Amino acid sequence: MLEDTIVAIATPLGEGSIGVIRISGPGAIEAGRKVFRPKKNINWHIKDNYRLVYGYIVNPQQEEIIDEVLLSVMRGPHSFTAEDVVEISCHGGIVPLRRVLQLLLRQGARLAEPGEFSKRAFLNGRLDLSQAESIIDIIRAKTDAGAQIAMAQLGGSLSNKIFTLQDKLLSLLAQIEAVIDFPEEDIGEANLQEMSRNCSEIIKETEQLLANAQTGKIYREGLQTVIVGKPNVGKSSLLNALLREQRAIVTEIPGTTRDIIEEVINIRGIPIKIMDTAGLRETRDLVEQLGVEKSRELLNQADLILFVLDATTGLSAEDYRVLELVRDKKVILLINKIDVASIGFDTEALKEFFPKSPILKISAKKEIGLETLEQVIMDLILEGKVTSTDQVFISNTRHKQALERSMDHLQEALQGMKALVPPDLISIDIRSAWEILGEITGNTVGEDLIDRIFSDFCIGK
Ligand SMILES: Nc1nc2c(c(=O)[nH]1)N(C=O)[C@@H](CNc1ccc(C(=O)N[C@@H](CCC(=O)O)C(=O)O)cc1)CN2
Ligand SMILES: Nc1nc2c(ncn2[C@@H]2O[C@H](COP(=O)(O)OP(=O)(O)OP(=O)(O)O)[C@@H](O)[C@H]2O)c(=O)[nH]1
Ligand SMILES: [Mg+2]
C-alpha cells in the first residue's frame, strides 16, 4: 500500500450542479474528519461504508463554513483505489471546489498527479492495466459503440483473453522444457507435431484478435477521412455539405484551401474525422506548395480517402497523378458537380484503376447523393461485417503492437520447430511471446511504461 494520501477535484472545472473532491490513502478519513461537520452528530467511525452524510465543510481554524456538502466514506479495500477513500460533493463551482481542495491540502494530503487514482487501483491490484486503460477510453468515447467496447474491456474481456493465451503458452513451454530437461530422449515426431499444433493454435487466436483491431481503433478514435483531389473540384464544398455548415472557404479560384481543415462528423454512431486539404498540384506559389506538402503527408495516415473528381471537366492527367498517390488506400470516388455536368464521365477507366472502390455521383453544392455517401462510408468501414460490440476488440495501439510483437516470436518459434532448431532456443521465443502479452495486462511491465500510461489520464481520475 502506498503511504501518502492524495486529493484532487474529480469533476471538470466550471459551472456545474455539483463538483466532487476525492481523497485516497491512509490519511483520507482523518483529513475528511478534520474539515467536515455533520449536521446531525454521527459517529465518524461508522462501519457502514458508502453512506452519504449531509453536513458542512468548515475551516477548522476559523470555524468558517466553506460549503454545504454530502460526504461519503469508502474504506479500503472496498473502494475504487482499494485504499480508504473519502468523497465530498460540493456545489459545482470553481471557488467552493478550490477552497475545499486547499483546505484538504493543508491537512496533509497532496495533490494527485493525473491518473493517480486509477494508477493506485492498478498498483493495488483492483484493476489490471488493460482495465485501467479502458477507463480513459470510456471517458473519451465519442460514440455509444465506442463506450460499449471500453466497458467490456473494463469488465475484463480483453484481460481474460490474454490470460488464456498466456496459459496456453505456459503449457507449450512446459512441453518444450520437458524436452530440454531430458535431452537423451529424442524429441519424438509425435511430440514435435503436437508442439507445432499448439503453437499454430495460439498464432491463430492472436491473428483473430488482430483482425478486428482496425475496427476497434475506429470505434475508439474515429475514422481519419481525408478529402483529396486536384484543385477546384469541390473538396471544401463537400466538407461544408457533410458538416451542414459553411466551415471552409469556397471560391471558384483553384488553390483556395491551403491549411488542413479538420472537423468531426457523426455518421450513424461512428465518429468520422474529416479533413479538407489543399488541392494537389504542382505549383510555384510557396504557401500553396506547403499546403500540398501537408496534404500528401496526411494521405499516408488516412483510414479512408474521399477522392473528388469534377464532372464538368472529366478525368484529366492531373487527376491520374493524384489517383496514383492513393492507390493502396481505401478510396471512395466521388464525381462531383453532377448538377451541371455535361461531359459523360468515363467511369470505366476509373473502375480499372480502382476495381474495389465505390463510385458515386454527387453534387456538394446542391447536396445530391450525400446520404448514399454516408451509407457507403459505413459499409466500407465495417466491411460488410455485422460487428457486434460484444466481441473482444483490440482498440488500443499499444495492445495491438504488443500482440504483433508476440506474434513475431510465435512465428519464429513455429519455424524453429519445423526446422528442428534446438528446443532451448525455441523456448526463448515462447517465453518472449508470453512476456510481451503480459505488457497488455500489466503483469510484465516496467515502471516507466506505467507512468507514461497513467500520465495521459485526466487530473482527478
Ligand atoms: N462518486 C464516484 N463515482 C464513480 C467513481 C468514483 O470513484 N466515485 N468511479 C471511479 O472511477 C466509477 C465507479 N467505479 C468504482 C469501482 C469500484 C468501486 C468500489 O468501491 N469497489 C469495491 C466495492 C465493490 C462492492 O461493493 O462490491 C471493491 O471492488 O472492492 C467504486 C467505484 C464511476 N463513478
Ligand atoms: N455546380 C456545382 N459547383 C460546385 C459544386 N461543388 C463545388 N462547386 C464549385 O466549384 C468551385 C470550387 O469549389 P471548392 O469547394 O472551393 O473546391 P476545392 O476542391 O476545395 O478547391 P481548392 O481548395 O482550390 O482545391 C466553387 O465555385 C464551387 O461553388 C457542385 O456540386 N456543383
Ligand atoms: Mg478547398
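Trainee: Are helices α14 and α15 roughly parallel or roughly antiparallel to each other?

Mentor: In this predicted model, α14 (residues 397-418) and α15 (residues 423-441) have axes 8 Å apart and pack at an angle of about 165°. Axes are lines fitted to C-alpha atoms, for helices over the stretch in contact, and angles run from 0 to 180 degrees between N-to-C directions. Angles under 35 degrees count as roughly parallel, over 145 as roughly antiparallel, 65 to 115 as roughly perpendicular and the rest as oblique. The two helices are therefore roughly antiparallel.

Trainee: How is everything numbered, and what pLDDT do local features need?

Mentor: Residues count from 1 along each chain as its sequence is written, while chains are lettered from A and ligands numbered from 1 in the order in which they are written. In this predicted model, totals for chains, interfaces and linings use all residues, side-chain atom pairs count only at pLDDT 80 or more, and local features need pLDDT of at least 70.

Trainee: How many nonpolar residues does the contact of α14 with α15 have?

Mentor: Residues of α14 including Ala402, Leu410 and Met417 meet residues of α15 including Leu425, Ile430 and Ile436; contact asks for C-beta atoms, placed from the backbone, within 7 Å. Ala, Val, Leu, Ile, Met, Phe, Trp, Tyr, Cys and Pro count as nonpolar, Asp, Glu, Lys and Arg as charged, and the others, Gly among them, as polar. Beside five polar and four charged residues, the nonpolar number is 11.

Trainee: Are α6 and α7 roughly parallel or roughly antiparallel?

Mentor: The axes of α6 (residues 157-181) and α7 (residues 189-211) come within 10 Å and cross at roughly 160°. By the angle, therefore, α6 and α7 are roughly antiparallel.

Trainee: Which residues are exposed on the face of α11 turned away from its buried side?

Mentor: Asp319, Val322 and Leu323 are buried in α11 (residues 317-325). Seen down the axis, these fall within an arc of 105°, so they line one face. Turned away from that side are the exposed Ala317, Tyr320 and Glu324.

Trainee: Is Lys337 buried or exposed?

Mentor: Lys337 lies in the loop between β12 (331-336) and α12 (347-353). Its phi is positive, about 70°, although Lys337 is not a glycine. With 22 C-beta neighbours inside 10 Å, Lys337 counts as buried.

Terms used
A residue is buried if 20 or more other C-beta atoms lie within 10 Å of its own, exposed if 12 or fewer, and partly exposed in between; C-beta atoms are placed from the backbone. Helices (H or I, at least four residues) and strands (E, at least two) are DSSP runs, numbered from the N terminus. The arc is that of the directions from the helix axis to the C-beta atoms. Two residues are in contact if their C-beta atoms, placed from the backbone, lie within 7 Å.
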